[in-house]
Amino acid sequence: ENSVEIRGEAGKKYISSDGKEEFGAALYQYFSTLTGKKLPWGNLTGIRPTKIAMTMLEEGKSDPEILDFLRERHFVSEEKALLGIDIAEREKEILAPIDYENGYSLYIGIPFCPTTCLYCSFTSFPIVSWKKRVGDYLTALEREIDFTAEVYRNKKIDTIYIGGGTPT
């Protein structure tokens, strides 16, 4: 009752319960036809395309299956699809030693930057406006680190990410 049917290239039908992915594909195709332009990353611009490849690798899909999916469902160029698959395979190898059962990953967000970049999706504030609160933040962060160390004392820390998205 809530399904949507959209015909893609070569009349291929895509159906889903919410239609979000199909709508995005149809919108991309519409504007691609209207402008005569095809984007290298297809309709994945602004999305982390290696996440799709990684998920499919974890499901046991082959490189050709992933390549076909990225090209047919998301209109990704062969060059970029192969790049995404290569990156996902490298990432999978790097992540293999992580102990998901007995380990954990730690993220320490730093919400202060010299300036806030226009593209930034992290919660961050110009440090010049918040310099009086930095001390309070660091005190709270230290308490949270102590608490986390106690709660996870029998677990192994696998990864640590410090920052808010920018090199600063």
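This is a predicted model: local features need pLDDT of at least 70, side-chain atom pairs count only at pLDDT 80 or more; totals for chains, interfaces and linings use all residues.
Is Arg133 buried, exposed or partly exposed? At 47% relative accessibility, Arg133 counts as partly exposed. The side chains of Arg133 and Asp136 meet in a salt bridge, at 3.8 Å from N to O. Asp136 has 48% relative accessibility and so counts as partly exposed too.

**Stop 1: the Glu21 network**

Stay with charge pairs. A search of the whole structure finds eight salt bridges. Select Glu21, Glu22 and Arg73: salt bridges that share partners join these residues into one network. Zoom in on Arg73 and Glu21. The closest N and O atoms of this salt bridge are 2.7 Å apart. Arg73 lies in helix α3 and Glu21 in helix α1, so the pair ties together parts that are 52 residues apart in sequence. Glu21 is partly exposed, with a relative accessible area of 34%.

**Stop 2: aromatic pairs**

Next, show the rings. The whole structure holds five aromatic pairs. Pick Tyr28 and Phe75. Their rings are stacked, 5.3 Å centre to centre, with 15 degrees between the planes. Tyr28 sits in helix α1 (residues 20–35) and Phe75 in the loop between α3 and α4, so this pair ties together parts that are 47 residues apart in sequence. Are these two residues buried or exposed? Tyr28 counts as buried, at 11% relative accessibility. Phe75 counts as buried as well, at 9%.

Move on to Tyr30 and Phe31. The ring centres are 5.1 Å apart and the planes stand at 75 degrees, so this pair is edge-to-face. Phe31 has 42% relative accessibility and counts as partly exposed.

**Stop 3: the nonpolar core**

Which residues make up the largest nonpolar core? Select Leu44, Ala53, Met54, Met56, Leu57, Ile66, Leu67, Leu70, Val76, Ala81, Ile85 and Ala88, 12 residues in all. Colour by helix. At least two core residues come from each of α2 (49–58), α3 (63–74) and α4 (78–95). Helix α2 gives the most, with four residues. In soluble globular proteins, nonpolar side chains tend to be buried together.

Centre the view on Ala53. Leaving aside residues up to four places away in sequence, Ala53 touches Ile66, Gly84, Ile85 and Ala88.

**Stop 4: helix α4**

Highlight Ala81, Gly84, Ile85 and Ala88, which are buried. Look down the axis of α4: the buried residues fall within an arc of 100 degrees, so they line one face of the helix. Bring back α2 and α3. The buried residues of α4 pack against both of these helices.

Turn the view around. What does the face of α4 turned away from its buried side carry? There you find the exposed residues Glu79, Arg90, Glu93 and Ile94.

Asp86 and Arg90 are separated by about one helical turn, because they are four residues apart in helix α4. Arg90 counts as exposed, at 54% relative accessibility. Asp86 counts as partly exposed, at 30%.

How values were computed: Residues are numbered from 1 along each chain as its sequence is written. Side-chain values use heavy atoms; hydrogens and water are left out. A nonpolar core is a set of buried Ala, Val, Leu, Ile, Met, Phe, Trp, Tyr and Cys residues joined through side-chain atoms within 4.5 Å. Buried means under 20% relative accessible area, exposed over 50%, partly exposed in between (1.4 Å probe, protein chains only). Contact means heavy atoms within 4.5 Å. The arc is that of the directions from the helix axis to the C-beta atoms. Rings of Phe, Tyr and Trp (its six-membered ring) pair if their centres lie within 6.5 Å; planes under 30 degrees apart count as stacked, over 60 as edge-to-face and the rest as tilted. A salt bridge is a side-chain nitrogen of Lys or Arg within 4 Å of a carboxyl oxygen of Asp or Glu.
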